Amino acid sequence: MENRSNGGFQPSEKIVYLDNAATTPCAPEALAVVVEALSGACGNPSSHYSIGYEAKEILDRARAQVAAAIHASPAEIFFTGCGSEADNWAVKGSALTKARQNKRHLITSAFEHHAVLHSMRALERMGFEVTYLPVSPEGYVRPEDLEAAIRPDTALVSIMMANNEIGTIQPIKELAEIAHKHGVWFHTDAVQAVGAIPVDVQELGVDLLSMSAHKFNGPKGVGALYCRKGVWPQNLIDGGGQESRHRAGTENVAGIAGMGAALELAVSHLEERMAHETQLRDYVIDRVLSSIPEARLNGGRAPRLPGNVNLSFPGLEGETILLDLDMHGICASTGSACNSDSLDPSHVLQSIGVPEEIGHGSMRFTFGPQNTMEEAKYLCDVLEEVIPRRRAMSCMWLQGQNTARQFSRKGEK
Ligand SMILES: *Cc1c(COP(=O)(O)O)cnc(C)c1O
């Protein structure tokens, strides 16, 4: 019964879960390891008796699994409480380390995850200077923009490997080379990339790399930061000597065990999973762009995460579509109003120049290994029913159509 190629997990009967960029279902293999670690003798990995050593062995094993998955050495992997903590540590810790050499300038991009962007804002309030690189209309950071932004006092460059909203994959190797040419540390938030596409820290040449277990079918509440040997962002969590004295706090042994198992599983099935998700992604993009008038794809088609579809449906609000989809059992996410007290389109859509009225009607669908072609087809069936019906009731859409008609009449004269 168990289907190894999709990690063995099946979607529940009624829910079509297409929000894998937000979080993923825990793979049974990872869950089993988590439960085993929680129900075992339960020693503290820092204690010097047998059940403490057992817990330490669980950590060592997971550290080796995570290291192997990204081609690092185990001593370069530091477990954290989540991907956000890894990002905060890389950004703030590097700024604090480099400030001792009077380097107080950082470079990032306009469409980073808030864990990086808000860390940068916090540093600005402490007197650091930050350059936010623009993003091309297709959703890529341009290496020449980085080259032009680097200064003698630049401490760190932080550019995400794959964007969580529009799925575009950045030229990390090229960007890291530019930073290194100027002796600057390079961090990448690879939370969306690890477990989804090949990630090799040797090949990429990055100094720091963030990841998070719940984005690759591991448990929530555990992440890791890769620090290349010799690269030391200052500690953020001080206390005991855990994680080689770099991140205090008794380790989340069960979560870490689950992270190691989930990543090993993801990487061992990477090629078939990528091929599968790419097929679902391209099916939805091609079908929706041809069947729904004025639908548009946000972010370039390649290089793009295998499972990411981000579409705008002008004339509608994403929230309306979201509710209609929910009625049909489909879980997705909107590209607008990413915090409930603002109605602005997300900073990511703004960064690639999506006009506000189009950004409002944006939806993100993200596939995981457990999704099926039947689900992709069902999504398209539902969209083809919902979008025209809602548009027929939408002032925004009807007015837009009138304006478009007037324009085309003018053109005819
Ligand atoms: C989810 C995500 C994070 C945050 O990870 P958490 O483990 O949820 O804190 C950071 N960066 C990106 C790109 C993400 O997608």
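This report describes selected strands, ring pairs, ligand contacts and backbone features of a predicted model.

## Strand 2 and its partner

Strand 2 is joined by 4 bridges to strand 8, which spans residues 223-227, and the two strands run antiparallel. Within this pairing, I77 has Y226 of strand 8 as its bridge partner.

A pair of aromatic rings is described by the distance of the centres and the angle of the planes. A search of the whole structure finds 2 aromatic pairs. In the pair of F78 with W89, the ring centres lie 5.9 Å apart and the planes stand at 75°, so the arrangement is edge-to-face. Because F78 belongs to strand 2 and W89 to helix 3 (residues 83-99), this pair ties together parts that are 11 residues apart in sequence. F78 has a relative accessibility of 1% and therefore counts as buried, and W89, at 2% relative accessibility, also counts as buried.

The pair of F78 with W232 has ring centres 5.8 Å apart and planes at 75°, so this pair is edge-to-face. The pair links distant parts of the chain, since F78 is in strand 2 while W232 is in the loop between strand 8 and helix 8 (242-245), 154 residues apart. W232 has a relative accessibility of 37%, which lies between the limits of 20% and 50%, so W232 counts as partly exposed. Through these ring pairs, F78, W89 and W232 are linked into a cluster.

The side chain of E85 reaches the backbone nitrogen of G81 at 2.8 Å.

K98 is placed over the face of W185, at 4.3 Å from the ring centre, and R104 is placed over the face of F128, at 5.1 Å from the ring centre.

## Surroundings of the ligand

There are 13 residues around the ligand, and those that come nearest are S84, D189, Q192, S212 and K215. In the case of K215, an N or O atom of the side chain is 2.7 Å from an oxygen atom of the ligand.

## Backbone features to check

Most residues other than glycine have a negative phi, and most peptide bonds are trans. Against that background, H71 has a positive phi of about 65° although it is not a glycine. H71 lies in the loop between helix 2 (50-70) and strand 2, and its relative accessibility of 45% means that H71 counts as partly exposed. S244 also has a positive phi, of about 50°, and is likewise not a glycine. S244 lies in helix 8, and at 56% relative accessibility, over the limit of 50%, S244 counts as exposed.

The peptide bond that joins A302 and P303 is cis, with omega at about -5°. P303 is placed in the loop between strand 9 (296-297) and strand 10 (308-312).

An open sheet is formed by 4 strands in the order 9-10-13-12, with antiparallel pairing. Strand 9 and strand 12 (333-334) are the edge strands, each of which pairs on one side only. Strand 9 is joined to strand 10 by 2 bridges, and these strands run antiparallel. In this pairing, L297 has L311 of strand 10 as its bridge partner. The loop between strand 9 and strand 10 is also the place of P303, the residue joined to A302 by the cis peptide bond.

Note on methods: Residues numbered from 1 in each chain as written. Predicted model: local features only at pLDDT ≥ 70, side-chain atom pairs only at ≥ 80, totals over all residues. Heavy atoms only, no water. Pairing = 2+ DSSP bridges. Phe/Tyr/Trp six-rings, centres within 6.5 Å; stacked < 30°, edge-to-face > 60°. Buried < 20%, exposed > 50% of the residue type's maximum accessible area, 1.4 Å probe, protein only. Lys NZ or Arg CZ within 6 Å of the ring centre and 35° of its normal. Polar contact = N/O pair within 3.5 Å; in protein donor to acceptor, adjacent residues only side chain to side chain. Near = heavy atom within 4 Å.
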